[in-house]
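Hello,

Please find the structure below. My notes on it come after.

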Amino acid sequence: MTTIAQNELLTRTGPGTSMGALFRRYWIPVMMSSEVAGPDCDPVRVKLLSEELICFRDTAGTVALLDRYCPHRRVSLWFGRNEGHGLRCSYHGWKFDAEGQCVDIPSHEGDDALRKDIRIKSYPCIERGGVVWTYMGPPEHRPPPPEFEWTTVPGSHRYVDRRLGECNYLQALEGGIDSSHVSSLHGGELRKGGTLDSDPGTGSRERLSFLNEKKIHFEVTPSASGLQIGASRRAGDGTNYWRITQWIMPWYTMIPPRTTDSPLHGHAWVPIDDENCFVWNVTYHPSRPLTETELEEMHNGEGIYAELIPGSFRTAANKDNDYLMDREAQREGRYYSGIKGIAMQDASVQESMGPIVDRSLERLTTTDIAIVQTRRRLMEAARRAERGEELPALDPSTYRVRSATLFLPEGVRLADAEATLQEATRTESPYGERSFA
Amino acid sequence: MTTIAQNELLTRTGPGTSMGALFRRYWIPVMMSSEVAGPDCDPVRVKLLSEELICFRDTAGTVALLDRYCPHRRVSLWFGRNEGHGLRCSYHGWKFDAEGQCVDIPSHEGDDALRKDIRIKSYPCIERGGVVWTYMGPPEHRPPPPEFEWTTVPGSHRYVDRRLGECNYLQALEGGIDSSHVSSLHGGELRKGGTLDSDPGTGSRERLSFLNEKKIHFEVTPSASGLQIGASRRAGDGTNYWRITQWIMPWYTMIPPRTTDSPLHGHAWVPIDDENCFVWNVTYHPSRPLTETELEEMHNGEGIYAELIPGSFRTAANKDNDYLMDREAQREGRYYSGIKGIAMQDASVQESMGPIVDRSLERLTTTDIAIVQTRRRLMEAARRAERGEELPALDPSTYRVRSATLFLPEGVRLADAEATLQEATRTESPYGERSFA
Amino acid sequence: MTTIAQNELLTRTGPGTSMGALFRRYWIPVMMSSEVAGPDCDPVRVKLLSEELICFRDTAGTVALLDRYCPHRRVSLWFGRNEGHGLRCSYHGWKFDAEGQCVDIPSHEGDDALRKDIRIKSYPCIERGGVVWTYMGPPEHRPPPPEFEWTTVPGSHRYVDRRLGECNYLQALEGGIDSSHVSSLHGGELRKGGTLDSDPGTGSRERLSFLNEKKIHFEVTPSASGLQIGASRRAGDGTNYWRITQWIMPWYTMIPPRTTDSPLHGHAWVPIDDENCFVWNVTYHPSRPLTETELEEMHNGEGIYAELIPGSFRTAANKDNDYLMDREAQREGRYYSGIKGIAMQDASVQESMGPIVDRSLERLTTTDIAIVQTRRRLMEAARRAERGEELPALDPSTYRVRSATLFLPEGVRLADAEATLQEATRTESPYGERSFA
């Protein structure tokens with residue numbers, strides 16, 4: 001059982017919180033590189049782990065992430081001018097470079113002592129896989145850049161976007177590691193079987209396992225980066241159908257692919273504040289470009305993607321319109337849950353729990369073992385961070401895992417199929433250290 | 001004077017409150033039966049006494065009222081499927097029957113021990129008078145079903161609806177027992193005299209008493225079910241014009257009819273939470289069907305009814321648009337208050353006090369005696385409930401009262417006219433025990 | 001540095017606060033006289049210093065400002081009828097005259113004792129300069145009416161309006177006394193040079209001083225009514241260009257005029273509650289009527305004025321639409337800040353600080369000396385008020401100051417140019433004691 005105190009520990013990530021301190025030890029995806037497209041672009045407001053920030057690309061092309069407020073009179077720098085290697089506050093013209101150093105105070109021209117003494121909060125940014133990442137922790141603990149396989153493949157092999165999630169990050173993350181809801185919540189989608197479904201739709205053996213076999217057996221084991229979550233269903237032909245999901249600290253999940261040649265999918269569930277998160281959606285293929293059809297479906301908000309309200313990251317279907325619940329479709333089973341699309345099906349249940357669910361009221365069972373262990377490992381890591389002990393998943397090599405689907409003979413445990421498992425889930429990051437950002 | 005502490009006691013009705021405990025000892029109107037029209041209908045979100053619930057009619061036609069959240073992971077059951085004698089959560093497919101018993105956990109098929117151990121909050125429902133009623137109190141104290149006269153007449157004799165009231169239930173209820181505001185707030189309506197006005201419009205003697213005589217004399221006496229509130233005005237021909245309003249514990253009011261053959265009106269003022277209530281409006285005739293004209297006027301939102309925003313229970317005129325205040329009409333006296341319709345006139349004053357009025361700031365006078373006594377009796381009953389003592393108005397026979405209008409000679413007190421009063425206000429529930437639901 | 005405690009002291013102005021007590025010692029602009037245009041006009045809701053009030057003009061033409069809520073049952077008197085020398089509550093018809101005296105209780109007709117005993121909060125109102133002013137302090141301390149020059153000129157010489165400011169009054173006020181932001185924030189407007197710009201646009205010497213000289217030297221000296229704020233920039237021809245801004249206790253500012261014949265501008269920054277204020281805008285000429293062109297520009301929301309959302313005091317450009325930020329115009333320098341109009345430029349920075357900025361986080365410099373001194377004088381006056389000591393700016397003769405622009409030889413301090421300064425900033429209120437209201 002999760003106590004109220006543990007729930008607080010798990011869900012609060014602002015400055016001064018334990019979980020927030022842990023999360024600040026990792027590189028954090030901020031936005032698409034294309035959102036700060038060129039030098040001297042429009043500045044963009046950012047909120048991460050409850051901190052209000054401003055992001056811009058300076059004249060030299062460097063991406064900067066600064067405190068949103070000018071230290072002089074606390075005006076939002078969003079109203080500022082991004083020009084000449086810095087962002088200039090619109091009120092009195094104070095100007096800050098990409099590292100937060102004040103480089104100009106017009107009314108004190110020439111007074112370098114004052115100017116040099118003023119430096120605002122600035123977080124280092126890098127770009128990998130078409131995404132801006134930042135590090136908000138103590139400089140001395142800054143880890144090497146993240147090396148998820150999808151950040152290392154050419155841009156043509158990858159599709160990434162994000163949407164607003166209107167609940168605490170953990171509710172959303174827990175959906176990503178919960179293999180057992182797939183056959184119920186996404187049942188209708190399985191029957192439909194679109195190209196991009198993150199869960200089996202077309203492969204007959206996989207599909208049958210989903211639709212006909214409701215009992216699930218779990219094998220959850222710690223991995224170097226987080227957890228390896230194996231869920232098996234009887235396939236009915238003497239084999240078990242195994243889905244291997246990866247959870248990578250602190251908030252990355254990788255979803256099992258449909259077939260061998262299917263693109264792989266993944267998510268990041270990143271706290272904006274304690275009641276909102278960004279849901280990052282990643283699709284990539286390790287060895288081939290994504291097809292026109294695949295790209296078009298993603299653009300159209302199918303599969304794990306969703307249609308957004310133009311000019312925002314909010315989904316067109318959202319909690320204010322009950323995710324466009326269609327009772328007729330629900331009754332007929334076109335969409336088992338009555339809601340269209342895997343993304344919105346997930347959002348509907350996660351957000352219906354309220355902004356921060358009270359986990360002390362839950363009734364967990366054996367099929368929730370991955371959730372229990374994820375919480376335990378997060379809390380343990382937070383304690384390790386507090387004590388200054390070593391943390392998991394800071395070494396980029398630990399990211400070299402994949403999700404997978406396997407068929408193993410009945411009676412064979414996942415732990416007994418080490419070689420098969422290794423082959424399916426390890427990657428040597430085929431594109432090596434080279435970044436295609 | 002009502003103290004701040006008394007005001008808290010009177011207005012807080014959520015779980016764990018004294019007044020909430022009292023209210024949970026009575027049957028509570030939930031919604032129209034037609035809102036859960038047929039077997040396996042769409043589930044409906046309900047909030048009553050600050051509890052979030054879900055209502056549905058199961059395959060057998062039984063109306064169920066359950067905790068809104070699945071005990072497993074706290075997902076709203078509103079997103080669930082109502083099918084096969086139960087409501088199934090859309091996340092992992094857990095299913096609950098009308099009594100809240102878990103009847104299926106797909107991922108644990110066959111594990112009856114787990115399933116049987118899980119039962120969620122469920123409140124018994126009955127249907128009377130076209131309305132679903134529930135009982136939210138301790139099972140051992142469950143009283144017999146309510147027997148208001150209007151619940152016992154055929155459907156053709158009755159019209160019932162409800163609207164959202166955007167303030168604490170008590171502010172609204174106090175409007176229902178306050179005979180003295182009729183001639184001022186509803187003054188314009190009186191002059192107009194529509195068919196459905198709950199207050200005299202056409203009868204000349206009654207109307208004159210209202211318009212010409214502002215002084216009111218009160219006789220408020222305890223009744224078996226609550227209070228009998230007599231308000232007299234001099235009719236000017238040697239008689240006094242008496243209006244007898246009934247307050248029935250805990251929140252029912254009955255408004256005096258216009259003439260002998262007029263339909264009778266009544267209200268229930270039911271807490272949704274502490275800052276909102278449902279205003280139930282009832283019109284019925286004990287011995288004849290309502291006429292086409294009467295029904296049409298009610299459908300059109302006239303008299304005590306109001307036009308609703310389609311798909312909601314919010315009125316088209318509401319606090320955000322100042323109830324469509326028409327200063328010209330106010331100035332000309334077409335509507336004395338400038339607001340159209342008795343319902344919205346009442347809402348405008350009740351809601352303008354704020355969500356929960358601070359009664360310690362009031363300046364009550366002798367014409368507020370019914371309000372003072374209602375508060376006193378509510379507080380006393382709450383104390384009785386706390387001490388486990390007997391409560392008023394649990395015996396359905398005590399509901400057999402009617403509101404009435406009478407003319408008595410000047411000088412005759414209501415207490416002196418016992419026989420006349422009895423004849424006017426007592427009913428033997430002509431349709432007897434038979435329910436026409 | 002301003003501490004958190006000082007910030008609280010400075011920004012909280014509701015009943016029971018120190019700053020609120022100070023402000024209640026001065027006459028306060030409430031609304032335009034034209035908003036309560038004629039006898040028995042529609043009542044208008046007013047919120048001032050966090051007090052909810054109702055304003056109306058009675059049958060005799062007297063403007064009344066009363067507690068918004070009827071003492072009987074706390075209904076908003078906004079729904080009442082303004083008729084026959086008083087405002088009548090719509091619920092039970094209680095009626096109050098312009099002094100808050102209850103003059104009628106219909107249900108207690110003839111009971112004068114009760115009626116006479118009931119009197120609600122009422123603040124005296126006067127009209128000066130087309131504006132209704134009220135005094136909310138202790139009657140024994142009521143000062144003489146305000147005598148700003150603009151209240152004494154004929155109506156043809158004056159234009160006054162107000163808009164909602166969505167932040168604490170002090171953030172807005174501080175913008176009014178901050179001479180140093182003019183060349184940065186309003187830089188684009190300077191280049192444009194409209195007729196009504198409160199800051200130099202056409203005069204070449206003034207304009208050059210603004211655009212070419214960023215360094216500012218301040219001389220801030222206490223005046224009888226508040227502060228005289230001198231800011232000088234090198235004009236480049238052996239002279240300094242001086243702008244003299246007046247701050248008059250508690251919240252009035254006067255902006256330097258463009259040229260000798262330009263109309264003068266001023267503001268009042270009046271707390272509605274602690275997170276909103278009314279920004280009053282005043283333009284007047286001491287000796288001539290405003291021209292058609294000037295009036296048209298003001299009507300169109302140019303210069304210090306802004307376009308309002310019809311039927312409200314909210315500006316069309318506001319924080320919800322980022323003040324219609326135009327990044328292209330910002331980039332091109334058409335509007336230096338990207339926002340159109342001096343009023344909205346000011347609002348964008350002031351409101352972007354949040355409802356109440358945390359001044360303990362500021363980094364003030366020597367160019368903020370006027371702001372530092374204004375805060376100090378406000379706090380000192382609040383303490384004086386608490387101790388019952390004499391307060392500044394209660395004597396109307398202290399209002400007879402003007403803002404000004406001057407050119408003085410380099411090296412000459414403002415303090416050395418007493419005669420020139422006096423001539424430029426003193427006014428004998430040419431229209432004398434005569435009011436043109």
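The notes below go through the chain interfaces, the salt bridges, a helix pair and some backbone features. Please keep in mind that this is a predicted model.

Interfaces

I began with chain A and chain C. On the chain A side, 30 residues are in contact with 38 residues of chain C. The two chains bury about 2,800 Å² between them, and 50% of that lies on carbon and sulfur atoms. Five salt bridges are counted between chain A and chain C. A salt bridge joins the side chains of A:Arg73 and C:Glu362, at 3.8 Å from N to O.

Next come chain B and chain A. Here 30 residues of chain B and 38 residues of chain A take part in the contact. About 2,800 Å² is buried between chain B and chain A, 50% of it on carbon and sulfur atoms. Five salt bridges are found across the interface of chain B and chain A. A salt bridge with an N to O distance of 3.8 Å links the side chains of B:Arg73 and A:Glu362.

Salt bridges

As background, side chains of opposite charge can pair when their charged atoms come close. Over all chains, the structure holds 87 salt bridges. One to look at within chain A is formed by A:Arg12 and A:Asp274, whose closest N and O atoms are 3.4 Å apart. A:Arg12 sits in the loop between helix 1 (4–11) and helix 2 (18–23) of chain A, and A:Asp274 in the loop between strand 17 (264–273) and strand 18 (276–284) of chain A, so this pair ties together parts that are 262 residues apart in sequence.

A helix pair in chain A and in chain B

In chain A, helix 5 (residues 169–176) and helix 12 (residues 369–387) cross at roughly 130°, and their axes come within 10 Å. The two helices of chain A are therefore oblique to each other. Helix 5 of chain A passes helix 12 of chain A in a right-handed crossing. Helix 5 of chain A contributes A:Tyr169, A:Leu170, A:Leu173 and A:Glu174 to the contact, and helix 12 of chain A contributes A:Ile371, A:Arg375 and A:Leu378. By type, the residues of this contact in chain A are five nonpolar, no polar and two charged.

In chain B, helix 5 (residues 169–176) packs on helix 12 (residues 369–387) at an angle of about 130°, with the axes 10 Å apart. That angle makes helix 5 of chain B oblique to helix 12 of chain B. The crossing of helix 5 of chain B with helix 12 of chain B is right-handed. B:Tyr169, B:Leu170, B:Leu173 and B:Glu174 of helix 5 of chain B meet B:Ile371, B:Arg375 and B:Leu378 of helix 12 of chain B. This contact in chain B divides into five nonpolar residues, no polar ones and two charged ones.

Backbone

Most residues other than glycine have a negative phi, and most peptide bonds are trans. The following are worth a look with that in mind. The peptide bond between A:Met249 and A:Pro250 is cis, with omega about -10°. A:Pro250 lies in the loop between strand 15 (239–248) and strand 16 (252–255) of chain A. In chain B, a cis peptide bond runs from B:Met249 to B:Pro250, with omega near -10°. B:Pro250 is placed in the loop between strand 15 (239–248) and strand 16 (252–255) of chain B. C:Asp40, a residue other than glycine, has a positive phi near 60°. C:Asp40 is in the loop between strand 1 (27–32) and strand 2 (44–48) of chain C.

Regards

Technical notes. Residues numbered from 1 in each chain as written. Chains lettered and ligands numbered in written order. Predicted model: local features only at pLDDT ≥ 70, side-chain atom pairs only at ≥ 80, totals over all residues. Heavy atoms only, no water. Axes fitted to C-alpha atoms, helices over the stretch in contact; angles between N-to-C directions. Helix = DSSP H or I, 4+ residues; strand = E, 2+ residues; numbered from the N terminus. Parallel < 35°, antiparallel > 145°, perpendicular 65-115°, else oblique. Left-handed = near helix turned anticlockwise from the far one by under 90°. Contact = heavy atoms within 4.5 Å. Nonpolar A, V, L, I, M, F, W, Y, C, P; charged D, E, K, R; others polar. Buried area = accessible area lost by both parts, 1.4 Å probe. Salt bridge = Lys/Arg side-chain N within 4 Å of Asp/Glu carboxyl O.
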